[in-house]
Amino acid sequence: MSDVADAPEAARPITSRRDPRYEVVMYRHVGVENAWTLDYYRSHGGYEAATKALTQMSPSEVIDEVKASKLRGRGGAGFPTGVKWSFMPPVDGRQRLLVVNADESEPGSFKDRYIMEDDPHQLIEGMIIGCYAIQATKAMIYIRGEYVKGYQRLVDAVREAREAGILGKNVLGTDVEVDITVHRGAGAYICGEETALMNSLEGLRGNPRLKPPFPAQAGVYGLPTTINNVTTMTSVVHIITRGADWFASMGTEDSKGTKLYQISGPVKRPGVYELPMGASFRELIYDLAGGPKGEAKGFFPGGSSTPPLPWKDEYLDMPMDYGSLGKAGSMLGTGGVIVIPKEKDIVDAMYNVVRFYAAESCGKCTPCREGISTWLPKMYQKLLAGLGTREDLDLMEDMVRNSRGTAFCPLADACAMPVQASFKWFRDEYEYIVDHGRPMYTKSDWWEA
Amino acid sequence: MKVHINDVDMDFPQGTSVIDAIFAAGYDVPYFCSQEYMSPIGACRMCLARIGAPRKDKDGSWILDEETGEPKIFYFPNMMATCTTQVMEGMVVDTLSEDVKRVQNGMVEFTLINHPLDCPVCDKGGACELQDRSYEYGTGVSRFDFDKRHQEKHHPLSELITLDRERCIHCKRCVRYFEEVPGDSVLDFIERGGHTYIGTLDPGLPSNFTGNITDICPVGALLDTTSRFRGRNWEYKHTRSTGMDDASGSAVMIDGRTGRIERIRAALNPEVNKTWIDDGTRFGHEYVDAEDRLRAPMIRKDGELQAVTWEEAAATVRDRLSGLSGKDIGIALRADATLEEGVAAKALAEALGTGQLDHAPRPAASVVPAQNPASLTDLATADAIVVVGDVTEEAPIVDLRIKDALKGVTPPELMQHGVPIADLRLKEHPVFHREKLTVAAPYRVDLMKHAGRALQYPAGGETALFGALQALADAEGEPELDEGQRAALGMSVEDAAALVKRLKDADNAVLVYGGFVLATREAAASASAFGKAVGAKLMIVGPMANSYGLELLGVGPSHERYAYPDMLEGSRALILSNLDPARDPDVRRMLEQKDFLVVHDLFLTETAQLADVVLPAKSVYEKDGTVVNLEGRFLGVHAAPVEGGESQDFIGLVGALGEALGQRLEGRSLRSARRVLRKRFELDPVELGPEGHLHRPRSRQSARVAIRSREAVEGNVLVTPSMLRIEYLERNPHLLRLSGGPSLRIHPDDAALQNVADGDAVQLRVGGLLRRATVVVDDRVPPGLMLLPTLPEQPVGLARADLSTLERAERELEVAG
């Protein structure tokens, strides 16, 4: 039903660049050779937004512009960015910090990766504007340790920018000071949670911290800190260039602008697609990604921590925005859609999810350490070994209920909620495995054509 | 803040945690991770409750419930950890409903799935928070039918502490304790998720305050190695008393069983030690139960010491003293004798007509501040602190209270249920405001790592240091210091001037000093004068538990030439209590010449072996009495039930002697001694509460007679304060193994010069005393100086070692072999 051409090459992310209906904004340089160099970026209008912000606007005007755009944080929680920036305390002589959360470790999410690899200057420009708005002179990028190429490109780009006078004491010839440090994580999912990220940045164990105090009051090293996602920062570049009205003209009532959606699983063209907020799942899955390869039975709407939804028209036609998914009992998350094929047994699929969270639990609080990290994977192993009973299913549901909403940070919920949803929509498969001692679907090879 | 807890309405100040509100209202919630005086972190999730609060509309008025017209309560979507939630105006807290109960049951079940439940063989059984909470809030049934996690069950974290990693429930109290209280981050979680365990990167726990983690561990994971497998909690007799190993007056709980002390724990005294004690106080009790403890009096018959009754021993003393005049008799007590024993000693001296009475060690200068004394609370709330010396060894609790000041959180107000369980002002990974603290010492001391300014001055240079600082304090405008004064500062003049300014500007500055300054009258006078010049309060750390009290009471000689140790030479007969001066061969020869020597001690020391009468003494744990700590706080000392044979304290000794003399001496009994104290201090020791009484009676006259000033020694050894009691170290096996024995710390160059190597066992004469020690080569020791820990007979300060007497023990063995 779509006239979109097939993927250009396997290693490149597919974006909607070829779809004439949508303009590609943040991903316009992704996939272009040498787009990561300063020369390329400048020759394509780079750093004009930063120049505009620094020379023609005051910091509070920048914040107002972002507020007016109704941009919401793209990291998953969807907190309004302009409001977050205005939480920074008044300038009092203390060092102020901007931290970019590039610890993109949610399974199903890979939008930030290609920006950092192919268009690092776009991120740097967004950070300059962000720093100017919150009047921070120091910014840090906490990049996922596994993103080696992205790290290298970012380090090179920061050096290039510094040499060109774009970073440093006099950014773009103004008296604004901004410098950026790129910091690699050591491979912990929990360090994508902002307070654990701050601990990790300080060299402490990656455990979440107590809130309040919120980062704006006492963040990294106790200093006022704002933490934003990579694509939140890159969105700001275009809000400044084209104005808040342009951004707010797209999307739905509570969710404005464009967003990078990711789609993975057995679809014809998995990848990252930039769409206005509120496009439907059907558009993403069928029009852009070419639809599932075989029969599908459900999908995770926004990364593995969002409760999966069944493959029904009412969900497929649902707009991908914060409010609609909340009403459906799920979340937009990072916008990473994972399609679940019909022949993948849900018990096995959920075990895969649970194993991930079990391994990533930091061990700080009881329900997550003992429930999610210890007990739940053992229960799945028991089911998959054919030793489960109907009572075990009740026990699992009860235990997951005890882990949900009781833990210190959202990691336990991120595991408990998808498990609960899998029980809600696919309980028949759980019952099948305990009744028959074997899974309903046994297909394991997903690599055939 | 008005808060409604179940069915109780109460008012709380802003910032109170909900868990404290619940306890104050008389309700209970289970918790494992919160701990008094430490940051709440919300890790165990046991204290969850259903919490709601009214909300305000945009116009500032409460949103009302349409049905009732009352402010509508909006409940949080999830159960909230009450330890990390603050009370809010109009908050409603529910800890009793079925929903809360279900979550509590679930959390107990989670906590227990990896806990071994080896309660029958666990030392904590019967006093275990997990056990209690599982009974109160669990279902009694586990649905977890898999293998539990298996980990190391007897992991020695140090010589003193054993960790059972299976029992650990990851409350993180021990990790946070080290980070927040002593500021020595030595423990942490290793691994993550279900594999998380407690451990250290390097072996051992390098801190003076490690034992406290065994008190706060909610389960039997961290145990005091010295008391492991020694008894059940319900078998112990718990005696609350006062720590007698330093001048801080820390509250301790002595747990005894079948006539032995099995362990010592910290007790609560909010204004003194809070709930912490140092390892010396906690683990230094094993000597009390040593095999060779004296249990009966002995008198020398036919050249041999033979056991007799107290009556016979007292009669012998009476008979042998009868021919002597008062000025021939000397009496000396150790400075951790109680006030009551001091009264008895004074009465005895009066009855014998002698002015040769003293307590030892007694420094050259007074331990009672002449002006403006600081309490420990003053110290904990100070905004500028100068420490001269090594308080971490001398009175370790002072070190911890300094760190309270550096954290900048004032001591919490007590609530209906006591110390707040979750003081939300305390944060994990606290920032220590080092700029408040200056530490000066002749060598690198532990507290320097927390000090904004750390300076090393030449040993013995205290007078010059304070002199130079005084010159800066007096100077108007540009200070002029000569070369000598600049050298004495150990820091730049600008730095020193900044320090003086900081002290002058501070609202609550405290100057802390101990033995190094007290060693000479000049240094103490210049320190006190400097304190006055900058308006700082003084905290003087005396050498022993009751140095302050015995000085206040006037247990001293009538003339400076009668002081200890001069009396050892001047008298013909001596009564020595818990002192062992015969370690000095010259003194030994002197004692051999005495007409009559009475030794009152726990063991047959070198001095006791020379005695004509040996009387068994009670240890500090077996006495009832009163001591005065370094801030002037009168504190009760209570006897633990220890099987000490016929041993008596000095009161018992005086009582027996008085009976033999046919005199009713003041201080013949505890009651009679206390009658004297009541009159003397206008304070009744019987009525002292568990927290003692900060009472600074106006000194009626300067009762103190100084020790005769000695010629300044050209010292090559600095006798340093020690948390461990070196005189008992050999009989404290665990501390001995931990410390490797008393150490002679020496600079590498000097070690090469003296031909000694690290680990060598050596002996040499220091200030006359024959000292045995293990060589520790350490480049932080100033060249030309050796460091050796103090003994009661060898006070802190500079001393002269006769290097020609230096012998290696191995060499002796070779000769012997």
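Which residue takes a positive phi just after α7(A)? I found A:G165 there, with a phi of about 80°.

Ground rules first. This is a predicted model, where local features need pLDDT of at least 70 and side-chain atom pairs count only at pLDDT 80 or more, while totals for chains, interfaces and linings use all residues. Residues are numbered from 1 along each chain as its sequence is written, and chains are lettered from A and ligands numbered from 1 in the order in which they are written.

Then I looked up its buried residues (20 or more other C-beta atoms within 10 Å of a residue's own; exposed means 12 or fewer, partly exposed is in between, and C-beta atoms are placed from the backbone). I got A:G150, A:Y151, A:R153, A:L154, A:A157, A:V158 and A:A161. They cover an arc of only 165° around the axis, so they sit on the same side of α7(A); the arc uses directions from the helix axis to the C-beta atoms. The face turned away from that buried side carries exposed A:V148 and A:E163.

Last, I turned to α8(B), where 12 of 14 residues are buried. After α8(B) comes B:G353, with a positive phi near 70°.

Key. Helices (H or I, at least four residues) and strands (E, at least two) are DSSP runs, numbered from the N terminus.
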